[in-house]
Amino acid sequence: MSVVDQAFVTLATNDIYCQGALVLGQSLRNHRLTRRLVVLITPQVSGPLRVILSKVFHEVIEVNLIDSEDYVHLAFLKRPELGVTLTKLHCWRLTHYSKCVFLEADTLVLSNIDELFDRGEFSAASDPGWPDCFNSGVFVFQPSLETHQRLLQHATKHGSFDGADQGLLNSFFSNWSTADIGKHLPFIYNLTSNTAYTYSPAFKQFGSSAKIVHFLGSTKPWNYKYNPQTGSVSEQSLGLGSQHQVSFLNLWWGTYQSSVLPLYKSIRTVETHVSPGHAVGIGGVGEPCATSAPSAGVPGADSAPGADQLCPALGPPEPTVKVDEPPPVPEGSHSEDVALAVSVSEISIEEKVKALSPEEERRKWEEGHIDYMGKDAFARIQEKLDRFLQ
Ligand SMILES: O=c1ccn([C@@H]2O[C@H](COP(=O)(O)OP(=O)(O)O[C@H]3O[C@H](CO)[C@@H](O)[C@H](O)[C@H]3O)[C@@H](O)[C@H]2O)c(=O)[nH]1
């Protein structure tokens with residue numbers, strides 16, 4: 001039975017997080033999906049990835065990026081990149097749904113979770129780092145323009161104590177820890193894969209009933225390399241994380257290999273079957289049409305175009321294959337920000353680091369986009385000054 005006024009919702013602001021969203025979407029489909037699947041994306045997501053997302057999600061909705069740019073609090077969290085998670089607040093604007101379950105792009109569903117729709121707003125599981133706070137990786141909510149507005153006002157007035165969405169949501173739904181135990185989701189709905197083992201006996205006892213695993217932290221499944229022959233993440237890349245999460249990482253990659261890579265292959269097939277000049281580009285040639293139709297019920301948000309809504313390509317697709325040996329799975333390909341390398345013995349997803357020209361660097365400074373934690377950190381500037389003054 002399909003319930004069309006309820007949805008699972010996720011967020012991906014770039015092509016890398018889209019890989020996670022795709023695995024999440026497919027994991028939901030693999031466990032008797034009965035609700036709609038929605039992904040919120042931002043303009044940074046490339047055309048090819050939009051096409052692939054539209055094969056998994058019923059709705060691919062473009063929203064504006066919201067960034068706290070609160071580098072001081074984000075530094076405490078040691079995750080300067082997470083200001084953009086405030087973009088998540090757009091999910092309250094999905095008022096064509098009566099109730100939704102939000103799942104971050106770094107979560108993986110292990111069994112059917114329809115029972116979450118029996119819970120009310122705001123239901124979430126404890127954060128393992130501070131259990132009186134909830135973790136905002138999985139939560140049940142009720143779309144409402146009024147709540148959305150109040151959340152934005154709260155953000156403007158009080159900021160977020162971690163610079164990201166979790167701090168903001170915890171101070172907004174501030175009575176969560178005491179008001180209603182029915183709104184406390186069991187930990188098996190947000191099992192944080194890398195911290196569960198701090199209480200190993202509990203994991204031994206209850207771990208097998210986990211329903212959603214959350215790859216919380218700075219090292220994500222897509223940062224590992226996977227050997228499709230052994231069905232395991234490669235030993236070398238495991239140095240990045242705990243040995244304990246291997247079985248979940250292998251599950252994530254197994255889903256990627258069996259359910260996501262074939263989607264890239266089908267796009268490549270489209271690419272070879274359409275007439276010249278109308279290719280759906282894997283190399284970033286299929287750009288979204290400027291005239292995409294507004295999404296029903298989401299004021300101000302546009303539905304991202306699906307495969308059939310892409311503008312004509314501007315030229316032939318770039319050569320994109322990056323393969324060592326004839327692959328058993330789709331060949332390597334890339335979008336604007338992601339390089340996918342596939343060989344018989346290894347699959348990897350790599351983020352392309354784009355070097356900025358001095359003019360772009362200067363423009364970013366002038367617009368106030370300053371990388372306080374990285375290349376614009378005070379120590380680096382001091383070094384440059386010292387070199388200059390020598
Ligand atoms: O560049 C980014 C970064 C994040 N996200 C989205 O935001 C989510 C949260 O970011 P992530 O890097 O996965 O954060 P976590 O490692 O899960 O860290 C924690 O901190 C976040 C910020 O408060 C909370 O949202 C999380 O629930 C909490 O677990 C992702 O899964 C994506 O859905 C993007 O789309 N693009």
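Biologist: In which loop is Arg-32 found?

Modeller: Residues are numbered from 1 along each chain as its sequence is written. This is a predicted model, in which local features need pLDDT of at least 70 and side-chain atom pairs count only at pLDDT 80 or more, whereas totals for chains, interfaces and linings use all residues. Helices (H or I, at least four residues) and strands (E, at least two) are DSSP runs numbered from the N terminus, and on that basis Arg-32 is found in the loop between helix H1 (15-29) and strand S2 (35-41).

Biologist: Is Arg-32 buried or exposed?

Modeller: Arg-32 is not a glycine, yet it has a positive phi of about 55°. A residue is buried if 20 or more other C-beta atoms, placed from the backbone, lie within 10 Å of its own, exposed if 12 or fewer, and partly exposed in between. Arg-32 has 10 other C-beta atoms within 10 Å, so it counts as exposed.

Biologist: Which residue does a cis peptide bond join to Glu-121?

Modeller: The bond has an omega of about 0°.

Biologist: How far apart in space are Pro-228 and Val-344?

Modeller: Pro-228 belongs to the loop between strand S11 (226-227) and strand S12 (232-233). Because 21 other C-beta atoms lie within 10 Å of Pro-228, this residue is buried. Although 116 residues separate Pro-228 and Val-344 in sequence, their C-alpha to C-alpha distance is 7.1 Å.

Biologist: Which residues come nearest to the ligand?

Modeller: A residue is near a molecule if its C-beta atom, placed from the backbone, lies within 6 Å of it. The shell has 8 nonpolar residues (Ala, Val, Leu, Ile, Met, Phe, Trp, Tyr, Cys and Pro), 5 charged (Asp, Glu, Lys and Arg) and 9 polar (the others, Gly among them). Strand S1 (3-12), strand S7 (130-141) and helix H5 (165-172) each supply at least two residues of this shell. Of the 22 residues around the ligand, those that come nearest are Glu-104, Ala-105, Gly-137, Ala-164 and Gln-166.

Biologist: How many residues of H5 are buried?

Modeller: H5 is mostly covered. Its buried residues are Asp-165, Gln-166, Gly-167, Leu-168, Leu-169 and Asn-170, which gives, out of 8 residues, a count of 6.

Biologist: At roughly what angle do the axes of helix H4 and H5 cross?

Modeller: Axes are lines fitted to C-alpha atoms, for helices over the stretch in contact, with angles running from 0 to 180 degrees between N-to-C directions. Leu-151, His-154, Ala-155 and His-158 in H4 meet Leu-168, Ser-171 and Phe-172 in H5, where a contact requires C-beta atoms, placed from the backbone, within 7 Å. The residues of this contact divide into 4 nonpolar, 3 polar and no charged. The axes of H4 (residues 145-158) and H5 come within 10 Å, and the crossing angle is roughly 105°.

Biologist: What average pLDDT does the protein have?

Modeller: pLDDT is the predictor's confidence in each residue, from 0 to 100. The model scores ipTM 0.97 and pTM 0.79. Of the residues, 70% score a pLDDT of at least 70, and the protein's average is 78.

Terms used: Contact = placed C-beta atoms within 7 Å.
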